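I opened the coordinates and kept notes as I went. The entries follow the order in which I looked things up.

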Amino acid sequence: MWMLLPMHGEQHYLVGLDLAGRKVVVVGGGTVAQRRLPRLVAAGALVEVVSPEVTPAVQGIVEAGGAVWHERRYAPGDLDGAWYVLACTSDPEVNARITADATDLRVFCVRADVAVKGTAVTPAVGGHDGLLLGVLAGGQHRRSAAVRDGLLAALRDGSLSDQHDQPAGVALVGGGPGDPDLITVRGRRLLARADVVVADRLAPMELLDELPPHVEVVDAAKIPYGRAATQDFINTTLVDNAKAGKFVVRLKGGDPYVFGRGFEELIACAEAGVPVTVVPGVTSAFGVPALADVPVTHRGVAHEVVVVSGHVAPDDERSLVDWDALARLRGTVVILMGVERAGAFAAALRAGRPGATPVSVIQEGSTRAQRVVQSTLDSLGHDVVERGIRPPAIIVVGPVAGLARELPFRA
C-alpha cells in the first residue's frame, strides 16, 4: 500500500525541456513576455506570440525573426500543436481559460499572474560557462532569485567549483578603468581559473588579492617615464606558460584593444600556436568620463567622438594623427596618455577650436583617488601643472566637458 506523504515547501519537479524546433505559445505581449522571450528564442523554440499589442522590445524580437506575432486576442485553436504555453495577459479570466485549454490538451502551461494555478512554473534562471541553473522556492520569488544569484556569484569568483574542464591557452582580459566591480562577468570568471596572471599596472589590483595561493602573478607594469616590462618579455611569458600547460590570464586595464597592445599579444600567441580568448573590457576612454559626469556624446551637443593616443606630441614625426582635422571637428576628443604633453595638444586643437572650449581632466578615474579638473583649451597646459595632475589621467575636450556644471546636484 502506497502512502502519499505531505510535501513541505517546493513541490514542483524541476526538468529541462528541449524546445528546439517545437512550438511554444506566449499569450500576452507585455513585460512578462518581454522577459521570457529571449531565453525561449535562444533555446530554439518556434515562438508564437498572441496579443493585440506588444512592447517595443517584443516587437523588436519579432522583427528580428525570433517569433511570430498574431496581432489579436487569444482564440480557440491557438494552442494546437504547442509543446509549452505561457499565459501572461493582464486579464485573469483569459489566463484561466488558456490554462484550462492547455490542460485539456495535456500541454504544460505557466500562468504568470497566479503561478500556483498553472501546471508549470518558471524558476529563477541563470547561466554560467555552459551551465544553466534553475531555482524554485515554493513561490517565494525573492528567495529563489537570491539563491540563484549567490550560486552564480560563487561560481564566477571561483569559491564554488563546478569541476569543469580547465580552459587552455591565454585569455586577454580587459579589467576596466580601475574599479574591480567594473570588470566583466566573463573576465572575472576566467581570472578565477587562472594558473598564471600577467597583470598591468592599471589593471584592478584588488582582484589579485582574491586569487588562490598557487596562482603565479607576473608584474608587467609599464610605469610612465619609468621602468617598464618590455613587450617581448610579456609575449614570451604568455607563450611559455601556455605551452607549459598553464592557463594564462593577461589582465589589462581598460580594454585590451584600445591602446592596450592586445592584438600584438594575440599575434604572438597565434604565431606560437597558442589558443587565445579575447574578453573586451570597459574602456577608460568612455567609462572614466561617464563616472565623472562627462558624457562623451550627448544629443544636440556632440555627434562624434574621437579617441587619440597622446604618447607622442602633435609635431612628432611618429604621430599618425591628423591634428588639423581634429581641430576642425565640433564633437568630442578623448586623449589617453596625454598628461605630459597636454599643453601641446591644446595648442594643436586651438588651431580650429575656441580657446574657451571646455576640457575635463580625470585622474585615476573610477578609483577612490579620482580627481577631476575642469579647464579650457586656453588654460589646460597651466592647469595640469598647477594642479599636479599625473598619469593615469584622461583628457576630454569638447562641449560635453562643460555639461556637468549644469547639474544642480553637482553644484
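Is His128 buried or exposed? I noted first that this is a predicted model. Then I checked the residue. His128 is buried, with a relative accessible area of 4%. The cut-off for buried is under 20%, so His128 qualifies.

**Entry: around His128**

I placed His128 in strand β6, residues 124-128. Next I listed its contacts, setting aside residues up to four places away in sequence. His128 touches Leu152, Leu155, Arg156, Asp162 and Arg189. Helix α4 spans residues 141-157, so I turned to that helix next.**Entry: helix α4**

I took the length of α4. The helix has 17 residues and reaches 24 Å from its first C-alpha to its last. That is close to the 24 Å expected at 1.5 Å a residue. Which residues of α4 are buried? I found Ser144, Ala145, Arg148, Leu152, Ala154 and Leu155. I then looked for what covers the buried residues of α4. The cover includes β6 and β7, the latter at 131-135.

**Entry: α1 against α2**

I moved to a helix pair. α1 covers residues 31-42 and α2 covers residues 56-63. Their axes come within 9 Å and cross at roughly 25°. Angles under 35 degrees count as roughly parallel, and α1 and α2 are therefore roughly parallel to each other. I noted the handedness too: α1 passes α2 in a left-handed crossing. Which residues meet here? From α1 I listed Ala33, Gln34, Leu37, Pro38 and Val41. From α2 I listed Ala57, Val58 and Ile61. By class, the residues of this contact divide into 7 nonpolar, 1 polar and no charged.

**Entry: helix α6**

I repeated the length check on α6, residues 231-243. This helix has 13 residues and reaches 18 Å from first C-alpha to last. The expected value at 1.5 Å a residue is 18 Å, and the helix is close to that. I listed its buried residues as Gln231, Ile234, Asn235, Thr237, Leu238, Val239, Asn241 and Ala242. What do these buried residues pack against? I found the strands β8 (170-174), β9 (196-199), β10 (216-219) and β11 (248-252), along with helix α7 (262-271). After α6 I came to Gly245, whose phi is positive, near 90°.

**Entry: α6 against α7**

I looked at the α7 partner in detail. α6 and α7 pack at an angle of about 50°, with their axes 10 Å apart. The two helices are therefore oblique to each other. α6 passes α7 in a right-handed crossing. On the α6 side, the contact is made by Gln231, Ile234, Asn235, Leu238 and Val239. On the α7 side, I noted Glu264, Glu265, Ala268 and Cys269. The class count for this contact is 5 nonpolar, 2 polar and 2 charged residues.

**Entry: backbone exceptions**

Most residues other than glycine have a negative phi, and most peptide bonds are trans. I wrote down the exceptions I came across.

Arg106 has a positive phi of about 60°, although it is not a glycine. I found Arg106 in the loop between α3 (92-104) and β5 (108-111). Is Arg106 buried or exposed? At 79% relative accessibility, Arg106 counts as exposed.

Glu364 is another residue other than glycine with a positive phi, near 50°. Glu364 lies in the loop between β15 and β16. At 29% relative accessibility, Glu364 counts as partly exposed.

I also noted a cis peptide bond. It joins Pro391 and Pro392, with omega about 0°. Pro392 sits in the loop between α11 (380-386) and β17 (393-397).

**Entry: Gly365**

I stayed with the loop between β15 (358-363) and β16 (371-376), where Gly365 is found. Gly365 is buried, with a relative accessible area of 7%. What does Gly365 contact, leaving aside its neighbours within four places in sequence? I found Pro177, Val288 and Gln370. Last, I took a distance from Gly365 to Ala96. The two are 269 residues apart in sequence and 54 Å apart in space, C-alpha to C-alpha.

Notes: Residues numbered from 1 in each chain as written. Predicted model: local features only at pLDDT ≥ 70, side-chain atom pairs only at ≥ 80, totals over all residues. Heavy atoms only, no water. Axes fitted to C-alpha atoms, helices over the stretch in contact; angles between N-to-C directions. Helix = DSSP H or I, 4+ residues; strand = E, 2+ residues; numbered from the N terminus. Parallel < 35°, antiparallel > 145°, perpendicular 65-115°, else oblique. Left-handed = near helix turned anticlockwise from the far one by under 90°. Contact = heavy atoms within 4.5 Å. Nonpolar A, V, L, I, M, F, W, Y, C, P; charged D, E, K, R; others polar. Buried < 20%, exposed > 50% of the residue type's maximum accessible area, 1.4 Å probe, protein only. Expected span 1.5 Å × (residues − 1).
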